[in-house]
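Student: Hi! I have a new structure open and would like a hand finding my way around. Could we go through it together?

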Amino acid sequence: MPGERRAGYDRDERARLMADFPLSAQAGAEIFEDYDGHFEEGLALVIEGIGARYGVS
């Protein structure tokens with residue numbers, strides 16, 4: 001559900017478990033936050049790509 005985390009999710013614990021992969025560990029803060037913003041950004045990219053491909057403005 002929007003704004004809810006599944007039980008047991010802990011971003012800091014995820015980062016600790018991924019200590020051997022520091023870039024992936026750091027990416028968690030970006031990936032697992034602001035789902036609505038990421039969706040809007042992705043949708044805008046898809047729409048712009050379609051417009052660029054088919055010459056629609």
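Tutor: Happy to; we can start with the overall fold and then turn to charges and surface patches.

Student: Great! What kind of model is this?

Tutor: This is a predicted model, where local features need pLDDT of at least 70 and side-chain atom pairs count only at pLDDT 80 or more, while totals for chains, interfaces and linings use all residues. Residues are numbered from 1 along each chain as its sequence is written, and side-chain values use heavy atoms, with hydrogens and water left out.

Student: How many helices and strands does the chain have?

Tutor: There are three helices and zero strands, so-called DSSP runs numbered from the N terminus (H or I of at least four residues for helices, E of at least two for strands). Along the sequence the pattern reads α-α-α.

Student: Is the chain a compact globule or more spread out?

Tutor: More spread out: its radius of gyration is 16 Å, well over the 10 Å that the globule rule gives for 57 residues. That radius is taken over C-alpha atoms, and the rule is 2.2 Å times the number of residues to the power 0.38. Along the principal axes, the C-alpha atoms fill a box of roughly 45 × 30 × 10 Å.

Student: And what share of the residues is buried?

Tutor: Buried residues make up 5% of the 57. Buried means under 20% relative accessible area, exposed means over 50%, and partly exposed is in between (1.4 Å probe, protein chains only).

Student: Changing topic: how many positive and negative side chains are there?

Tutor: The chain has 6 positive and 12 negative ones, counting Lys and Arg as positive and Asp and Glu as negative, without His and the chain ends. The centres of the two sets lie 6 Å apart, with each charge placed at NZ of Lys, CZ of Arg, CG of Asp or CD of Glu.

Student: Why can such side chains pair?

Tutor: Side chains of opposite charge can pair when their charged atoms come close. The whole structure holds one salt bridge, meaning a side-chain nitrogen of Lys or Arg within 4 Å of a carboxyl oxygen of Asp or Glu.

Student: Which residues form the salt bridge?

Tutor: Glutamate 13 and arginine 16, with their closest N and O atoms 2.7 Å apart. Both sit in helix H1 (residues 11-17), three residues apart, about one turn of the helix. Glutamate 13 is partly exposed at 32% relative accessible area, and arginine 16 counts as exposed at 52%.

Student: Which residues gather in the negative patch?

Tutor: Glu30, Asp34, Asp36, Glu40 and Glu41 gather there on the surface. Patch residues have over 30% relative accessible area and no salt bridge, with like charges joined within 9 Å and nonpolar side chains (Val, Leu, Ile, Met, Phe, Trp, Tyr) within 5 Å. H3 gives the most to this patch, with three residues.

Student: Where is aspartate 34 found?

Tutor: Aspartate 34 is in the loop between helix H2 (22-31) and H3. Its phi is positive, about 55°, although it is not a glycine, and aspartate 34 counts as exposed at 52% relative accessibility.

Student: Last one: which residues make the nonpolar patch?

Tutor: Val46, Ile50, Tyr54 and Val56 make that patch of about 430 Å², an area from the Shrake-Rupley method with a 1.4 Å probe, where for residues only the protein chains shown count as cover. Valine 46 belongs to helix H3 (residues 35-54).
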